[in-house]
Amino acid sequence: MIFDPWPKETKEDLFDFDEELNTIIKALRDPSVRLIIIKGLRRTGKSSILR
Ligand SMILES: Nc1ncnc2c1ncn2[C@@H]1O[C@H](COP(=O)(O)OP(=O)(O)O)[C@@H](O)[C@H]1O
Ligand SMILES: [Mg+2]
């Protein structure tokens with residue numbers, strides 16, 4: 001559901017985050033990456049993309 005107040009939990013519910021999601025997945029698979037930081041203003045989808 002698009003208009004609920006909670007972080008999204010599925011890829012299908014995420015809007016326009018394909019590039020960001022691919023960047024995170026690539027970093028997760030890269031053994032040389034030691035730390036991933038997701039930063040941004042509140043309510044811009046950080047928890048959603050993390051989940
Ligand atoms: N790209 C997005 N696609 C779908 N819903 C989003 C997106 N970005 C934010 N939202 C919605 O906005 C609200 C705040 O998102 P949330 O992930 O909690 O942000 P943050 O953790 O950055 O504060 C939630 O209702 C979330 O579902
Ligand atoms: Mg959050």
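Visitor: Why is Asp16 called exposed?

Guide: Its relative accessibility is 61%. Exposed means over 50% relative accessible area, buried means under 20%, and partly exposed is in between, with a 1.4 Å probe and protein chains only. Since 61% is over 50%, Asp16 counts as exposed. Before we go on: this is a predicted model, in which local features need pLDDT of at least 70, side-chain atom pairs count only at pLDDT 80 or more, and totals for chains, interfaces and linings use all residues. Residues are numbered from 1 along each chain as its sequence is written, chains are lettered from A and ligands numbered from 1 in the order in which they are written, and side-chain values use heavy atoms, leaving out hydrogens and water.

Visitor: What makes the phi of Asp16 worth a remark?

Guide: Most residues other than glycine have a negative phi. Asp16 is not a glycine, yet has a positive phi of about 55°. Arg43 is another such case, with a positive phi of about 65°.

Visitor: How do you know whether Arg43 is buried or exposed?

Guide: Use the cut-offs again: a relative accessible area of 68% is over 50%, so Arg43 is exposed.

Visitor: And why is Lys8 called buried?

Guide: Lys8 has a relative accessible area of 12%, which is under 20%, so it is buried. Lys8 lies in the segment before α1. Buried residues make up 18% of the 51 residues in the protein.

Visitor: What makes the pair Lys8 and Asp4 a polar contact?

Guide: A polar contact is a pair of N or O atoms within 3.5 Å; within protein, one must be able to donate a hydrogen and the other to accept it, and residues adjacent in sequence count only if both atoms are side-chain atoms. The side chains of Lys8 and Asp4 come to 3.2 Å, so the distance is within the limit and the pair is a polar contact.

Visitor: Which residues come nearest to ligand 1?

Guide: Of the 17 residues around ligand 1, Asp4, Lys8, Arg43, Lys46 and Ser48 come nearest. A residue is near a molecule if one of its heavy atoms lies within 4 Å of it.

Visitor: How do you know that Lys46 makes a polar contact with ligand 1?

Guide: A polar side-chain atom of Lys46 is 2.7 Å from an oxygen atom of ligand 1. That is within 3.5 Å, so the pair qualifies. In Ser48, a side-chain N or O atom is also 2.7 Å from an oxygen atom of the ligand. Phe15 takes part through its backbone, with an N or O atom 2.8 Å from a nitrogen atom of ligand 1.

Visitor: What makes up the shell around ligand 1?

Guide: The shell has 7 nonpolar, 4 polar and 6 charged residues. Here Ala, Val, Leu, Ile, Met, Phe, Trp, Tyr, Cys and Pro count as nonpolar, Asp, Glu, Lys and Arg as charged, and the others, Gly among them, as polar.

Visitor: What makes Arg29 and Trp6 exposed?

Guide: Arg29 has 71% relative accessibility and Trp6 has 64%. Both values are over 50%, so both residues count as exposed. Arg29 lies in helix α1, and Trp6 in the segment before α1. From C-alpha to C-alpha they are 27 Å apart in space, and 23 residues apart in sequence.

Key
Helices (H or I, at least four residues) and strands (E, at least two) are DSSP runs, numbered from the N terminus.
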